[in-house]
Amino acid sequence: MTSAHRSGEAPARAKRADARRNERKLLDAAAAVFVDSGVDAPIREIAASAGVGMGTIYRHFPTRADLVVAVYRHQVEACAEAGPTLQDGAESPFTALREWVDLFVDFLVTKHGLAHAMGSDSGGFDTLHAYFLDRLVPVCERLLDAAVDAGEIRPGTQAYELMRGIGNLCIGSDSDPDYDPRRMVDLLLRGLRPPVPS
């Protein structure tokens, strides 16, 4: 028997990996519920979607703000990691950009509810916003550059500018069920395309 087995290190490592997987599953479920029902969705709805008891959620995230912040960070990382994957696997750079923007729009639903969920913690919100910019602006920039290099969009659009425009188009979707931000974002992306020769 190795010293790792005698000391219990391997089982502890497996348990940590299992706990991380369970937390990731919980955060995925919470993110999906937030996208469909907003950040004020009942905790029992998230628990049912994740297949866990409400006590499990409260053990990991004692307050709604804790859960929303964790989902926010989880979605930022998912968006950041998706960029290179989409760029490698999509049929074209513009398709990769479009698919990434779809993920980004899902993320924005959570982001718009974040300030309300955090209450008066403006310093914490500012820190999260800086983290969001640091992680996602470079990813969007690489996707934009690739689409420009392929001649699929016109040059001159900055990543932050595009992300801010998309964010503005998503505002209000939670208060107006007839407003479809995805349709407007699609129009914005079409506007980046070079003119078709007559």
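Which charged end sits over the ring of Phe94? In this predicted model, the charged end of Arg193 takes that place, 3.9 Å from the centre of the ring. Phe94 will come up again below, once the overall layout has been set out.

The protein contains nine helices and zero strands. Read from one end of the sequence to the other, the pattern is therefore α-α-α-α-α-α-α-α-α. Of its 198 residues, 34% are buried. The accessible surface amounts to about 11,300 Å², and carbon and sulfur atoms account for 52% of that surface.

Helix α3 covers residues 43–50, and its buried residues are Ile43, Ile46, Ala47 and Ala50. Why do these residues lie on the same side of α3? Around the axis they cover an arc of only 100°, which puts them on the same side of the helix. The face of α3 turned away from the buried side carries Arg44 and Ala48, which are exposed. Just after α3 comes Gly51, and this residue takes a positive phi of about 75°.

Now to helix α7, which covers residues 122–149. Leaving aside neighbours within four places in sequence, Ala147 is in contact with Pro93, Phe94, Glu152 and Ile153. Phe94 in this list is the residue whose ring lies under the charged end of Arg193. Ala147 can also be compared in position with Gln87: the two are 60 residues apart along the chain, and their C-alpha atoms are separated by 9.8 Å.

Between α7 and α8 (159–170) there is a loop, and Ala150 is located in it. With 42% relative accessibility, Ala150 counts as partly exposed. Ala150 and Phe94 are 56 residues apart in sequence, while the distance from C-alpha to C-alpha is 8.5 Å. Gln158 belongs to the loop between α7 and α8 as well. Its relative accessible area is 49%, so Gln158 is partly exposed; the cut-off for exposed is over 50%. Along the chain, Gln158 and Leu144 are 14 residues apart, and 8.1 Å separates their C-alpha atoms.

The aromatic residues come next. How many aromatic pairs does a search of the whole structure find? The search finds five. Ring pairs link Tyr72, Trp100, Phe104, Phe107 and Phe132 into a cluster. In general, a pair of aromatic rings is described by the distance of the centres and the angle of the planes. A ring can also have a charged residue over it, as with Phe94 and Arg193. Another case is Tyr131: Arg73 lies over the face of this ring, at 4.4 Å from the ring centre.

Last, the cysteines. A disulfide is a covalent bond between the sulfur atoms of two cysteines. How many disulfides does the structure hold? The number is zero. Two cysteines can still be placed by their accessibility. Cys79 has a relative accessibility of 2% and so counts as buried. For Cys170 the value is 5%, and this residue therefore counts as buried too. The cut-off in both cases is that buried means under 20% relative accessible area.

Definitions and conventions
Residues numbered from 1 in each chain as written. Predicted model: local features only at pLDDT ≥ 70, side-chain atom pairs only at ≥ 80, totals over all residues. Heavy atoms only, no water. Buried < 20%, exposed > 50% of the residue type's maximum accessible area, 1.4 Å probe, protein only. Helix = DSSP H or I, 4+ residues; strand = E, 2+ residues; numbered from the N terminus. Arc of directions from axis to C-beta. Disulfide = S-S within 2.5 Å. Phe/Tyr/Trp six-rings, centres within 6.5 Å; stacked < 30°, edge-to-face > 60°. Lys NZ or Arg CZ within 6 Å of the ring centre and 35° of its normal. Areas by Shrake-Rupley, 256 points an atom, 1.4 Å probe, with all protein chains shown as cover. Contact = heavy atoms within 4.5 Å.
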